[in-house]
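Subject: Structure handover

Hi,

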Amino acid sequence: ANANPNLADVIDLAGNTLLFSDGPYSDADGPNALPIVSQWLTLQNGTLERDTAAPRFRFLELEFSLPNRLYLIDMTLRHGHSNTNGGAILARDYLRVLMTRFENNRAEGSGGAVQGLGQNIDFIGADFYGNTATHGAVVSHGVTSFQHSRIEGNGDAATLSLLRGDY
């Protein structure tokens, strides 16, 4: 996707699961399973899963770069684990999530499922289950909207908040 700077890319996983055992793409915010997203990208119809025996890493990091958008459609993100923020996703630009499940993701800082650091985040038909972080076990961000979404069974004894930001 980053190689096509003027095109919006769509990656359809066709119902498959990508099981990751390492996070080879890294920056100051920690390792990621996939390259840092710097252009429009849609991921759809599949699962991103971290092997629970693997080192800690998140799946996706979305950098601030105009124009930039990340869309997740009918996805599951499972077992992401960041040493910093954003257990599954660290987003610095617009993120739109449709019919996607965040399951058992963890951040040692904020945003067990998603840490947003920039533009709006929209969740439509999203499910959050078993995500943990010190702040914002589900989401930590400024402006976030939830429509027809379920938040259930998130947080643990060390969690201070499920949602952190303006909702």
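One definition before the notes: a residue is called buried when its relative accessible area is under 20%, exposed when that area is over 50%, and partly exposed in between, using a 1.4 Å probe and protein chains only. By that rule F102 is buried, since its relative accessible area is 0%.

Please keep in mind that this is a predicted model, in which local features need pLDDT of at least 70, side-chain atom pairs count only at pLDDT 80 or more, and totals for chains, interfaces and linings use all residues. Residues are numbered from 1 along each chain as its sequence is written, and side-chain values use heavy atoms, with hydrogens and water left out.

**Confidence and overall make-up**

The predictor's confidence in each residue is given as pLDDT, on a scale from 0 to 100. The protein averages 88, and 89% of the residues score at least 70. Among its elements, β2 has the highest mean pLDDT (98), while strand β18 (residues 163–166) has the lowest (65). Where pLDDT is low, the predicted coordinates should not be read in detail.

The protein has 18 strands and zero helices; these are DSSP runs numbered from the N terminus, with strands (E) needing at least two residues and helices (H or I) at least four. Of its 167 residues, 49% are buried. Counting a contact as heavy atoms within 4.5 Å, 75% of the contacts with a separation of 6 or more are between residues 24 or more positions apart.

**The nonpolar core**

A nonpolar core here is a set of buried Ala, Val, Leu, Ile, Met, Phe, Trp, Tyr and Cys residues joined through side-chain atoms within 4.5 Å. The largest one has 30 residues, and L72, I89 and F102 touch the most other members. Two or more residues each come from β5 (41–50), β6 (60–62), β7 (69–78), β9 (89–91), β10 (94–98) and β14 (121–124). Strand β7 gives the largest share, four residues. Leaving aside residues up to four places away in sequence, I89 touches R58, L60, L72, L77, L95, F102, A113, V114 and Q115.

**Salt bridges**

I counted a salt bridge when a side-chain nitrogen of Lys or Arg is within 4 Å of a carboxyl oxygen of Asp or Glu. The total is eleven. Here are three of them, with N to O distances:

- E49 and R78 meet at 3.0 Å. E49 is in strand β5 and R78 in strand β7, 29 residues apart, so this pair links distant parts of the chain. Both E49 and R78 are buried.
- R58 and E61 meet at 3.6 Å. R58 is buried at 0% relative accessible area, and E61 also counts as buried, at 1%.
- E103 and R101 have their closest N and O atoms 2.6 Å apart. E103 counts as buried at 16%, whereas R101 is partly exposed at 29%.

Salt bridges with shared partners also join D29, R58, E61 and R92 into one network.

**Aromatic rings**

Rings of Phe, Tyr and Trp (its six-membered ring) pair if their centres lie within 6.5 Å; planes under 30 degrees apart are stacked, those over 60 are edge-to-face, and the rest are tilted. The structure holds eight such pairs.

In one of them, the ring centres of F20 and F59 are 6.2 Å apart and the planes are at 55 degrees, so the pair is tilted. F20 lies in strand β2 (residues 17–20) and F59 in the loop between β5 and β6, so the pair ties together parts 39 residues apart in sequence. F20 and F59 are both buried.

F102 and F128, by contrast, are stacked, at 5.1 Å centre to centre with 5 degrees between the planes. This pair links F102 in strand β11 (residues 101–103) with F128 in strand β15 (residues 127–129), 26 residues apart. F128 counts as buried at 1% relative accessibility. F102 and F128 belong with F123 and F146 to one aromatic cluster.

There is also a charge over a ring, which requires NZ of Lys or CZ of Arg within 6 Å of the ring centre and within 35 degrees of the ring normal. R50 lies over the face of F57, at 5.9 Å from the ring centre.

Best wishes
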